[in-house]
Structures are given as C-alpha cells and as structure tokens.
Amino acid sequence: MRRFFTAGLLLSTLIPAGQAAVFTVKPGTQFYSKPQAKPELLLQLPEVRVHVPPIKDAAGFCQFKLIYKIADRDNPELPETGWTRCISTDQLVPN
C-alpha cells in the first residue's frame with residue numbers, strides 16, 4: 001500500500017502544473033460531501049474516476065475532482081468533487 005501511495009505521489013510531482021492524472025477507484029471506495037465519515041454525508045455515486053493530485057487535504061480526508069462515465073456526465077445532481085480518506089489513495093488504479 002505504502003509503495004503505491006509513494007509512487008502515486010512521485011508521479012503526481014512529475015506532472016506539469018495545470019495537468020492531472022486520472023485514476024479509477026476500486027469498487028467500494030466511499031466518497032463524502034464533507035471531510036467526515038458520517039452516514040448522512042455519504043454520496044451515492046455511479047462508477048467514478050478521480051483527478052490526482054487531490055484538490056484539498058483536511059483531517060485525514062482528500063477532496064478529489066470526480067470524473068464520470070459519459071452516460072452520467074449530464075446528470076446535474078452528481079457532485080463535481082467528493083471527499084474520501086487520504087489513505088484510500090491506495091485504492092487508485094492507473095488508467
């Protein structure tokens with residue numbers, strides 16, 4: 001886990017400013033509307049990918065820009081970002 005996280009951080013530092021890498025998250029990764037793991041803040045999302053590096057880091061949570069499949073992109077009810085535990089960045093799979 002640590003190796004993958006370290007490799008991800010290293011790769012993200014090699015990406016020029018203004019660009020991001022896109023990663024797929026493993027099934028079961030939970031995203032929240034705020035940096036807290038409360039059931040009422042849990043987002044019900046279709047399959048998503050995320051931009052790395054995270055937008056923000058707060059209280060052990062990272063906020064990611066969410067990327068949806070083409071069929072879901074026109075849904076205005078889906079959030080643009082979501083929070084997940086930073087440790088779950090080991091749940092990312094490079095595309």
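**A buried glutamine and what surrounds it**

Everything here comes from a predicted model, in which local features need pLDDT of at least 70 and side-chain atom pairs count only at pLDDT 80 or more, while totals for chains, interfaces and linings use all residues. Residues are numbered from 1 along each chain as its sequence is written, and side-chain values use heavy atoms, with hydrogens and water left out.

Gln63 sits in strand β4. Setting aside neighbours within four places in sequence, Gln63 is in contact (heavy atoms within 4.5 Å) with Pro54, Ile55 and Lys56, and also with Thr81, Gly82 and Trp83.

Stepping back to the whole protein, the secondary structure comes to one helix and six strands, taken as DSSP runs numbered from the N terminus (helices are H or I with at least four residues, strands are E with at least two). Read along the sequence, the pattern goes α-β-β-β-β-β-β. Of the 95 residues, 28% are buried. If contacts between residues at least 6 apart in sequence are taken, 53% of them join residues at least 24 apart. The protein exposes about 6,600 Å², and 57% of that is supplied by carbon and sulfur atoms; such areas come from the Shrake-Rupley method with a 1.4 Å probe, and for residues only the protein chains shown count as cover.

Next comes the inside. In soluble globular proteins, nonpolar side chains tend to be buried together. Here the largest nonpolar core has twelve residues: Phe23, Val25, Phe31, Val48, Val50, Val52, Cys62, Phe64, Leu66, Tyr68, Leu78 and Cys86. A core of this kind is a set of buried Ala, Val, Leu, Ile, Met, Phe, Trp, Tyr and Cys residues joined through side-chain atoms within 4.5 Å. Two or more of the core residues come from each of β1, β2 and β4, and β4 gives the largest share, with four residues.

Two members of that core, Cys62 and Cys86, are also joined by a disulfide, with S to S at 2.1 Å. A search of the whole structure finds one such link (a pair of cysteine sulfur atoms within 2.5 Å). The torsion about the S-S bond is about 105°, so the disulfide is right-handed. Cys62 lies in strand β4 and Cys86 in the loop between β5 and β6 (92-94), so the link ties together parts that are 24 residues apart in sequence. Both cysteines are buried.

Asp57 is in contact with both Cys62 and Cys86, neighbours within four places in sequence being left aside. Asp57 is found in strand β3 (residues 56-58) and is exposed, with a relative accessible area of 58%. From Asp57 to Thr84 there are 27 residues in sequence, but 9.7 Å in space, C-alpha to C-alpha. Arg85, in strand β5, has Cys62 among its contacts too, along with Ala37, Gly60 and Phe61, once neighbours within four places in sequence are left out.

Phe61 has a partner of its own. The whole structure holds one aromatic pair, and in it the rings of Tyr32 and Phe61 have their centres 6.2 Å apart and their planes at 85°, so the pair is edge-to-face. For the record, rings of Phe, Tyr and Trp (its six-membered ring) pair if their centres lie within 6.5 Å, and planes under 30 degrees apart count as stacked, over 60 as edge-to-face and the rest as tilted. Since Tyr32 lies in the loop between β1 and β2 and Phe61 in strand β4, the pair ties together parts that are 29 residues apart in sequence. Tyr32 is buried at 10% relative accessible area, and Phe61 is buried at 3%.

Finally, the charged side chains. One salt bridge is counted, by the rule that a side-chain nitrogen of Lys or Arg is within 4 Å of a carboxyl oxygen of Asp or Glu. Glu47 and Lys69 make it, with their closest N and O atoms 3.3 Å apart. This pair links distant parts of the chain, 22 residues apart: Glu47 is in the loop between β1 (21-25) and β2 (48-52), and Lys69 is in the loop between β4 (61-68) and β5 (81-85). Glu47 is partly exposed, with a relative accessible area of 43%, and Lys69 is partly exposed at 46%.

Key: Buried < 20%, exposed > 50% of the residue type's maximum accessible area, 1.4 Å probe, protein only.
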